[in-house]
Amino acid sequence: MILVGGGSRSGKSSAALRMLRAAGPRQGFIATAQAWDDEMRERIRVHRTERGPEITTWEEPFDVAARLAAEDDRYDAIVVDCLTLWLSNVMLAEDRDVAEECSRLVEVAGNAKTQVILVTNEVGCGIVPDNALARRFRDQAGRLNQMAAERADELHWMIFGIGLRIK
């Protein structure tokens with residue numbers, strides 16, 4: 001398992017796609033974004049175009065662990081982009097145990113035969129959010145990122161489009 005993290009527009013997704021393409025011809029991509037408005041629909045369209053038709057893509061805002069388990073050993077690598085969007089989806093769903101879902105995703109990704117490349121945002125380097133939901137999100141994202149980093153075989157920190165291998 002590889003974890004690629006960094007701030008917004010740091011080059012995380014591009015780095016993950018390079019790793020995916022280098023892993024072999026059987027390429028998978030789990031997109032966690034949901035198209036709630038026109039801006040997000042356009043972002044999703046651009047990302048689909050960037051990936052191209054050679055990458056099998058699943059749009060999975062909630063059950064990423066189940067998708068990884070179902071596709072395991074059928075692909076050379078699968079990118080999950082991104083953990084923090086997935087986390088916000090899970091947190092805003094009323095019937096989900098966030099801690100359990102995070103543990104399950106990291107466990108499935110870490111045990112997969114397929115190389116799993118997780119993309120995540122670092123959200124703890126800024127100011128303390130001014131509302132309770134944003135603070136809970138920041139805290140849970142920090143815990144998820146730590147859990148994934150501990151389990152990862154490789155950890156890459158992206159800054160200004162340049163990657164630094166940490167682990």
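Ala, Val, Leu, Ile, Met, Phe, Trp, Tyr, Cys and Pro count here as nonpolar, Asp, Glu, Lys and Arg as charged, and the others, Gly among them, as polar. By these classes, the lining of the largest pocket divides into 13 nonpolar, ten polar and seven charged residues. The model is predicted, so local features need pLDDT of at least 70 and side-chain atom pairs count only at pLDDT 80 or more, while totals for chains, interfaces and linings use all residues. Residues are numbered from 1 along each chain as its sequence is written, and side-chain values use heavy atoms, with hydrogens and water left out. Helices (H or I, at least four residues) and strands (E, at least two) are DSSP runs, numbered from the N terminus.

**Sheet**

- Seven strands form an open sheet in the order β3-β2-β4-β5-β1-β6-β7, with mixed pairing; two strands pair if DSSP finds at least two bridges between them.
- The edges are held by β3 (55-59) and β7 (162-165), each with a single partner strand, so one side of each has no neighbour in the sheet.
- Direction ignored, neighbouring strands of this sheet are turned by 20° against each other on average.
- β1 and β6 run parallel and are joined by five bridges; among the partners, Leu3 is bridged to Leu155 in β6.
- Helix α1 packs on the sheet and touches β1, β2, β3, β4, β5 and β6, and its direction makes about 175° with that of β5. Contact means heavy atoms within 4.5 Å, and axes are lines fitted to C-alpha atoms, for helices over the stretch in contact, with angles running from 0 to 180 degrees between N-to-C directions.
- β6 and β7 run antiparallel and are joined by four bridges, with Trp157 opposite Leu164 in β7.
- The hairpin of β6 and β7 has two residues between the strands, and Phe160 in this hairpin takes a positive phi near 55°.

**Helices α4 and α5**

- Two packed helices are described by the angle between their axes and the distance between the axes.
- The axes of α4 (residues 83-92) and α5 (residues 98-111) come within 10 Å and cross at roughly 145°.
- The crossing of α4 past α5 is right-handed; a crossing is left-handed if the near helix is turned anticlockwise from the far one by less than a right angle, and right-handed if clockwise.
- From α4, Leu83, Trp86, Leu87, Val90 and Met91 meet Val98, Glu101, Cys102 and Leu105 of α5. The residues of this contact comprise eight nonpolar, no polar and one charged.

**Largest pocket**

- The largest pocket holds about 800 Å³ of space. On a 1 Å grid over the protein atoms alone, a cavity is a set of points where a 1.4 Å probe fits but cannot get out, and a pocket is an open set with protein on both sides within 12 Å along at least five of seven lines; lining residues have an atom within 4 Å of a point. Grid points are joined across faces, edges and corners, and a volume is the space filled by probe spheres set on the points.
- Its lining has 30 residues, of which Ser13, Arg43, His47, Asp81 and Leu85 are the closest to the centre of the pocket.
- At least two lining residues come from each of α1 (12-23), β2 (27-31), α2 (38-51), β4 (77-81), α4 and β5 (115-121). The largest share, six residues, is from α2.

**Second largest pocket**

- The volume of the second largest pocket is about 220 Å³. It is lined by 16 residues, with Leu3, Thr120, Glu122, Asn145 and Trp157 the closest to its centre.
- β1 (2-6), β5, α6 (132-151) and β6 (154-159) each supply at least two residues of this lining, and α6 gives the most, with four.
- By class, the lining has six nonpolar, nine polar and one charged residues.

**Loops and backbone**

- The peptide bond from Asp81 to Cys82 is cis, with omega near 5°, and Cys82 lies in the loop between β4 and α4.
- Arg9, in the loop between β1 and α1, has a positive phi near 60° although Arg9 is a residue other than glycine.
- Pro129 is placed in the loop between β5 and α6. Not counting residues up to four places away in sequence, Pro129 touches Ala134, Arg135 and Arg138.
- Pro129 and Glu42 are 87 residues apart in sequence and, C-alpha to C-alpha, 27 Å apart in space.
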